[in-house]
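Happy to go through this one with you.

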Amino acid sequence: MPTTKTPAGDHSELVYQCRLPLSTQTLRYLTGLISAHLKKIRSRWRKLPTGRIAVIVLAALRHDQRLADLAGGNDISRTTADRWLKEMIELLAARAPRLQRVLATIAREGGSVVLLDGSLIPTQRRTGLAMRRRWSAKHKRHGLLVIALTDVKGRLLWTSTARPARGSETTACRHDDLIGRLRAAGLAAIADLSFVGLDDDMGDPAVITDYKKPKGKTLPPAKKLVNQLIAAERAVCEHAFAHLKNWRVLTKLRLDVKWATRLVRALMVLNQHGIAR
């Protein structure tokens, strides 16, 4: 059967518009970062203005728009759009605070506790040994595990390296020596049952978790009340992760996993500045 590459009928490319639920401050912030970066590297020309580049990057992050579609609608190549996206991720991630500085700032401002939680960033399923390490028995899917700290108001302060989801939250925290850093700063962390066993010092714990119900038994009223108080404190931490995942690029990570840590930190910087609604 003969084949042809000629489109049937009247063929024309259509470009559609998509609303970005972000403030104009977001656009100004990213545009400023790009302009300063171009000045630093002495790049005098880009195919599109810096404001247009910022819109393309925000569309890719907020709505997880396909880069090929964004490129076609703006008369650029897909590789150019991909380069701009990764460039912006690196610029934002470089502004993410490090753990020691975050804890020192909280202690200096008179804080006593932080909120600790972990979340799964789903990834695409592929074959190979690396994918086995990304299988989470808890969530029954492939992904990367990210640990985060928030303050008592629910503001994201720090995110860990994205690690294969086969490991537990306690293992991920031990990689970053979280207990030692909390004690050095004179702070404590409130966490859920996933972090039971992270701190074995029962007399002066650095991580406070819920009481676990014994199998076949019920908790006494006093421990139930403690669990309710901890859950009330941790609610803002859950909200922080929910706001972070409003960036749909985290719905299922299609970027190379080596970009996962920088991507999460870049999105955290946007939320930290109160830019995203």
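Q: Which helix holds Glu169?
A: Glu169 is found in helix α7, residues 169–175, in what is a predicted model.

Q: Why is Glu169 called buried?
A: Its relative accessibility is 11%, and buried means under 20%. The value falls under that cut-off, so Glu169 counts as buried.

Q: What makes the pair of Glu169 and Lys138 a polar contact?
A: The two side chains meet at 3.4 Å, and the limit for such a pair of N or O atoms is 3.5 Å. The distance is within the limit, so the label polar contact applies. Glu169 also touches Leu145, Ile147, Ser194 and Phe195, with residues up to four places away in sequence not counted.

Q: Where is Thr209, and what does it touch?
A: Thr209 sits in the loop between β7 (207–208) and α9. Leaving aside neighbours within four places in sequence, Thr209 is in contact with Ala191, Asp192, Phe195, Val196 and Ile230. Thr209 and Val196 are 13 residues apart in sequence, with 6.5 Å from C-alpha to C-alpha.

Q: Why does Ala266 count as buried?
A: Ala266, in helix α10, has a relative accessible area of 1%. Buried means under 20%, so Ala266 is buried.

Q: Which residues does Ala266 contact, leaving aside neighbours within four places in sequence?
A: They are Ile89, Leu92 and Ala93. As for Leu91, it is 175 residues from Ala266 in sequence and 7.9 Å away in space, C-alpha to C-alpha.

Q: How do α4 and α10 cross?
A: The axes of α4 (residues 78–93) and α10 (residues 260–272) come within 8 Å and cross at roughly 65 degrees. The crossing is left-handed.

Q: Which residues meet there, and of what kinds are they?
A: From α4 come Ile89, Glu90, Leu92 and Ala93, and from α10 come Arg262, Leu263, Arg265, Ala266, Val269 and Leu270. They divide into seven nonpolar, no polar and three charged.

Q: Which residues have the most contacts inside the largest nonpolar core?
A: Leu263 and Leu267 do, in a core of 49 residues. Elements giving two or more residues to this core include α1 (24–40), β3 (141–150), α4 and α10. Apart from this core lies another, of 23 residues, among them Leu157, Cys173, Leu182 and Ala191.

Q: What does Leu267 touch, not counting residues up to four places away in sequence?
A: Leu267 touches Leu61, Leu244, Trp247, Val249 and Leu250.

Notes
Residues are numbered from 1 along each chain as its sequence is written. This is a predicted model: local features need pLDDT of at least 70, side-chain atom pairs count only at pLDDT 80 or more; totals for chains, interfaces and linings use all residues. Side-chain values use heavy atoms; hydrogens and water are left out. Axes are lines fitted to C-alpha atoms, for helices over the stretch in contact, and angles run from 0 to 180 degrees between N-to-C directions. Helices (H or I, at least four residues) and strands (E, at least two) are DSSP runs, numbered from the N terminus. A crossing is left-handed if the near helix is turned anticlockwise from the far one by less than a right angle, and right-handed if clockwise. Contact means heavy atoms within 4.5 Å. Ala, Val, Leu, Ile, Met, Phe, Trp, Tyr, Cys and Pro count as nonpolar, Asp, Glu, Lys and Arg as charged, and the others, Gly among them, as polar. A nonpolar core is a set of buried Ala, Val, Leu, Ile, Met, Phe, Trp, Tyr and Cys residues joined through side-chain atoms within 4.5 Å. Buried means under 20% relative accessible area, exposed over 50%, partly exposed in between (1.4 Å probe, protein chains only). A polar contact is a pair of N or O atoms within 3.5 Å; within protein, one must be able to donate a hydrogen and the other to accept it, and residues adjacent in sequence count only if both atoms are side-chain atoms.
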